[in-house]
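Please follow the chain below with the sequence beside the coordinates, moving from the surface to the contacts and then to the charged pairs.

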Amino acid sequence: MDPIVKNQNIDILALLNFVKRNFSKYSKYSCLIVALYIIYFFLKTPNFESKVSFYTHYKTDQTSSLLSLLPGSMADMTNEELKFSINNFLASDKFLDSIIYTKFTMKVKDGNTQELILRDQWGKKYNKIFSLNPLSLLSKINRNLMYNSEISVEEKKSAYVRNILSKSIIYSEDRRSQLNTVVIRVKGDAFLAKQIADQVYNSVIEYSNEIQNKKGYEKSQFITTRLNDVKNDLKISEDKMLIFLERNISLSSPALSLERMRLQKNIDLNSQLYFSLSDQLEIAKIDEKDNTSSIFLLDEPRISDKKAGIDFSKGIFIVFVGSFFLLLIVDIFLKRNRLLI
């Protein structure tokens, strides 16, 4: 048996000869592993996906010819961008709770369907530990050990289902086109995946509208206060002009003419601010009650026509090649005293 590594240099020819001599052995065991994979493929519960995609546009641009006359905070409000990250929203407890406490039509025993809350259906296994996968087994043990002993069983179920749902959501975003895609992956129930995708889209729209309405309310409150201040300033300016004109019927001197111009400027400025703020208040009130969404649906959710995951033929190829090279590496390791010099 020629050594594969000599003086820390790999002999490619020796390696190829070693693989050639053991090719049939590796292939035999790889085929056995592939057979186990085929059995697993047909016995495992399949995953199904449902996808929803939509465009987003959160920037509003409300220009005004009197923008330079507005206070600094008001100028910022006429050209604003709502800080709303869909990715952060989908990871929030607010969103997850809105899904897990919603009733969906789900498959139950004997192939029947029933309307159930996601928390109750998925939460049945919140304290189950056994798993053939050692990593999954360790994760489940760790999760059960780390539960807060002060919380109730229902709260543990909620935490467990939130974690499952969060892992079932695959989110991607094209920052250039602002196209957002949400994929829901559910085990064994394609119709449930579609229902959850529908609810995800509705939740995004509701939250978007909630932000717009709340910001409209806050803006209208601010503008109303400012409008009252400007209205009082306008009345004071007009009263000053009235008193001035009553005392000075004839503007015979330049000083009086200048004073009249100054009073008139204050009246004009406050009038302009008053009308501009009135326009802004109307816009804010519209935003406060506006339920039209700035989110545009591209692909609506539908029941998936394929199982999620790796294709059957591709899976066989990956398992065969992966197991072949794994056996090769293990064999070289076991015979390292003769192959590595």
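Predicted model: local features only at pLDDT ≥ 70, side-chain atom pairs only at ≥ 80, totals over all residues.

L32 is found in helix α1, and together with Y29, L36, I39 and L43 it forms a nonpolar patch on the surface, whose members have about 560 Å² of accessible area together.

Of its 341 residues, 35% count as buried, while the accessible surface comes to about 22200 Å², of which 56% belongs to carbon and sulfur atoms. Among the contacts with a separation of 6 or more, residues 24 or more positions apart account for 72%.

Individual residues show how such contacts are placed. Y171 is found in strand β8, which covers residues 169–174, and, when residues up to four places away in sequence are not counted, Y171 touches I86, N87, L90, N180, T181 and V182. Y171 and V183 are 12 residues apart in sequence, and their C-alpha atoms are 6.4 Å apart in space.

N270 lies in helix α9, residues 254–289, and its relative accessibility of 11% is why N270 counts as buried. Leaving aside its neighbours within four places in sequence, N270 is in contact with V230, D233, L234 and S237. N112, by contrast, has its place in the loop between β6 (103–107) and β7 (113–117), and N112 is partly exposed, with a relative accessible area of 45%. With its neighbours within four places in sequence again left aside, N112 is in contact with M106 and K107.

The charged side chains come next. Side chains of opposite charge can pair when their charged atoms come close. How many salt bridges does the structure hold? There are 10 salt bridges, and in one of them the side chains of K25 and D331 meet, at 3.4 Å from N to O. K25 lies in helix α1 and D331 in helix α10 (residues 312–334), so this pair ties together parts that are 306 residues apart in sequence. Of the two partners, K25 is partly exposed, with a relative accessible area of 32%, whereas D331 is buried, with a relative accessible area of 9%.

R162 forms a salt bridge with D97, and the closest N and O atoms of that pair are 2.8 Å apart. This pair also links distant parts of the chain, with R162 in helix α7 (residues 153–168) and D97 in helix α4 (residues 93–100), 65 residues apart. R162 is buried, at a relative accessible area of 19%, a value under the 20% limit, while D97 counts as partly exposed at 24% relative accessibility.

A further salt bridge joins D120 and R119, with the closest N and O atoms 2.9 Å apart. In this pair D120 is partly exposed, with a relative accessible area of 34%, and R119 counts as buried at 11% relative accessibility. Salt bridges that share partners also join K25, D331 and K335 into one network.

Terms used
Residues numbered from 1 in each chain as written. Heavy atoms only, no water. Helix = DSSP H or I, 4+ residues; strand = E, 2+ residues; numbered from the N terminus. Contact = heavy atoms within 4.5 Å. Patch = residues over 30% accessible without salt bridge, like charges linked within 9 Å, V, L, I, M, F, W, Y side chains within 5 Å. Areas by Shrake-Rupley, 256 points an atom, 1.4 Å probe, with all protein chains shown as cover. Salt bridge = Lys/Arg side-chain N within 4 Å of Asp/Glu carboxyl O. Buried < 20%, exposed > 50% of the residue type's maximum accessible area, 1.4 Å probe, protein only.
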